[in-house]
Amino acid sequence: MFNSLSDRLSATFKNLRGKGRLSEADVDATVREIRRALLDADVAVPVVREFTAKVRERALGAEVNAALNPAQQIVKIVNEELVEILGGQTRRIRLAKNPPTVIMLAGLQGAGKTTLAGKLSKWLKGQGHSPLLVAADLQRPNAVKQLQVNGERAGVPVFAPHPGVSSEFEAATGDPVAVAQAGLAEARSKLHDVVIVDTAGRLGVDAELMQQAANIRAAISPDEVLFVIDAMIGQDAVATAQAFDQGVNFTGIVLSKLDGDARGGAALSVATVTGKPVMFASTGEALDDFEVFHPDRMASRILDMGDVLTLIEQAQQAWDKDEAARMAKKFADQEDFTLDDFLAQMNQIRNMGSMKKMLMMMPGAAGMRQQLEQFDEREIDRVEAIVRSMTPHERVAPKIINGSRRARIARGSGVHVSEVNGLLERFGQAQKMMKKMAAGGGMPGVPGMTG
Ligand code: GDP
């Protein structure tokens, strides 16, 4: 996500480090580098111009001259300006006073609308809502089926035109406006408090598509119209966003495919160009690859200052509370930390999703990007195989695992003895750390899980 932009900006700031005072030439050189980095990342030219002008003006102003560390001050300015072009404040979904809240999705074909519908519905369900998905994309063959699959995965019902189920359905078949209206009626009668309407897209913007979307909008008066845009489409993003803004007057933006190696900068431009906020980000094909978009946190990620808040939220969502309570009790009772506990903790981490994605949110991750790219997600599988090859007694009393036991465990789990040794060593460190934390009354953490 914005990797190369992030690397370029980090390199630019590194050049400033250690400078006591910044001359106008220093500032100009820095601003030039920032301009190039943004343009290379596909940020739209007018947005780049405005951005760099503001950074330059502020960098030459009093706030930098008076600062103890001018380089840091410039990073701060760039951060604040990035937050601005990303939309400023975090914008939450506006819930209707009289439910159901109606959310309509619009965007080009392949932008990721149907995928997003599943993600959004799962997320809303997790927040205690009872959403209904409505399949009003009758253009793309398979779109209805795909939404049904996503709905099933998310555990959210889908209203779809399906001949022969009811007369209401039959009336709706073929006409997306009628399907959307019937979906809304279904939500009212079944007391769903949120309705998400998936609509059709075309490969390019065309008048008929836009008219259809506008007709649906007029028929169902949505509380939110989310424009889904593929972050990888480059410079076309701005024109596409403007066309949809005129056509359906959307209320918020969803950036999809932010996981790709796209330069992603065009995505940065759409908020500025349309004046509409980015509300969500889609970061992969799985249902959980989805986040609320926080401009401040995204700016921090781009500037490699880390996004620890999102990291914590994702951990909280995945954390099994019973397991955490069990660990906490173990601590309180000063019981020994065993290899089974070690494995349980590691599985908790696995539940949080991709390790790589998580690690990328750590401050300074850009500097370790290469190592992170090489991180092997299967490491946890290997650890699991090793622990499973141990006897129950060995797991609670690892001290008894001598050379011949190590060889047996290695054979049983299909790894080299050195890997068993490495695991036991890491476990020993984790155990020590746990003891220390228990003594200090701290919460159990997740120490030493990788090699
Ligand atoms: P729609 O035509 O707008 O409904 O787009 P789809 O939801 O069908 O998505 C088009 C393709 O992009 C599918 O293959 C999705 O699996 C994929 N896709 C959607 N969102 C993401 C994302 O955030 N990351 C990645 N890597 N792929 C995505």
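**Notebook: helix packing, ligand shell and backbone details**

I began with helix α2 (residues 24–40) and helix α3 (residues 45–60), whose axes come within 10 Å and cross at roughly 160°. Angles over 145 degrees count as roughly antiparallel, and α2 is therefore roughly antiparallel to α3. I noted that the crossing of these two helices, α2 and α3, is right-handed. The model I am reading is a predicted one.

I then looked up which residues form this contact. From α2, the residues are Glu24, Val27, Val31, Ile34, Arg35, Leu38 and Leu39; they meet Val48, Phe51, Thr52, Val55, Arg56, Ala59 and Leu60 of α3. Sorted by class, the contact of α2 with α3 holds ten nonpolar residues, one polar residue and three charged residues.

Next I turned to the other partner of α2 in my notes. Helix α1 (residues 3–16) and α2 have axes that come within 9 Å and cross at roughly 170°. I therefore recorded α1 and α2 as roughly antiparallel to each other. On the α1 side I listed Leu5, Arg8, Leu9, Thr12 and Leu16, and on the α2 side Asp26, Thr30, Glu33, Ile34 and Ala37. The classes in the contact of α1 with α2 are five nonpolar, two polar and three charged residues.

I moved on to the ligand. Which residues come nearest to the ligand? Of the 20 residues around it, I found these to be Gly112, Lys113, Thr114, Thr115 and Ser282. Helix α6 (residues 113–126) gives the most to this shell, with three residues. By class, I noted one nonpolar, 13 polar and six charged residues in the shell around the ligand.

I also consulted the UniProt record. An unreviewed entry there lists residues 277–290 under "domain: SRP54-type proteins GTP-binding". In the model, the end C-alpha atoms of residues 277–290 lie 17 Å apart, and the span is 0% helix and 43% strand.

Finally, I examined two details of the backbone. Where is the cis peptide bond that has an omega of about 5°? I located this bond between Pro99 and Pro100. Pro100 has its place in the loop between α5 (70–85) and β1 (101–106). The second detail concerns Leu191, which has a positive phi of about 60° although it is not a glycine. I found Leu191 in the loop between α9 (176–189) and β4 (194–199).

Definitions and conventions. Residues are numbered from 1 along each chain as its sequence is written. This is a predicted model: local features need pLDDT of at least 70, side-chain atom pairs count only at pLDDT 80 or more; totals for chains, interfaces and linings use all residues. A residue is near a molecule or strand if its C-beta atom, placed from the backbone, lies within 6 Å of it. Helices (H or I, at least four residues) and strands (E, at least two) are DSSP runs, numbered from the N terminus. Ala, Val, Leu, Ile, Met, Phe, Trp, Tyr, Cys and Pro count as nonpolar, Asp, Glu, Lys and Arg as charged, and the others, Gly among them, as polar. Axes are lines fitted to C-alpha atoms, for helices over the stretch in contact, and angles run from 0 to 180 degrees between N-to-C directions. Angles under 35 degrees count as roughly parallel, over 145 as roughly antiparallel, 65 to 115 as roughly perpendicular and the rest as oblique. A crossing is left-handed if the near helix is turned anticlockwise from the far one by less than a right angle, and right-handed if clockwise. Two residues are in contact if their C-beta atoms, placed from the backbone, lie within 7 Å. UniProt positions are given in the numbering used here, feature names are shortened, and annotations may be inferred rather than shown by experiment.
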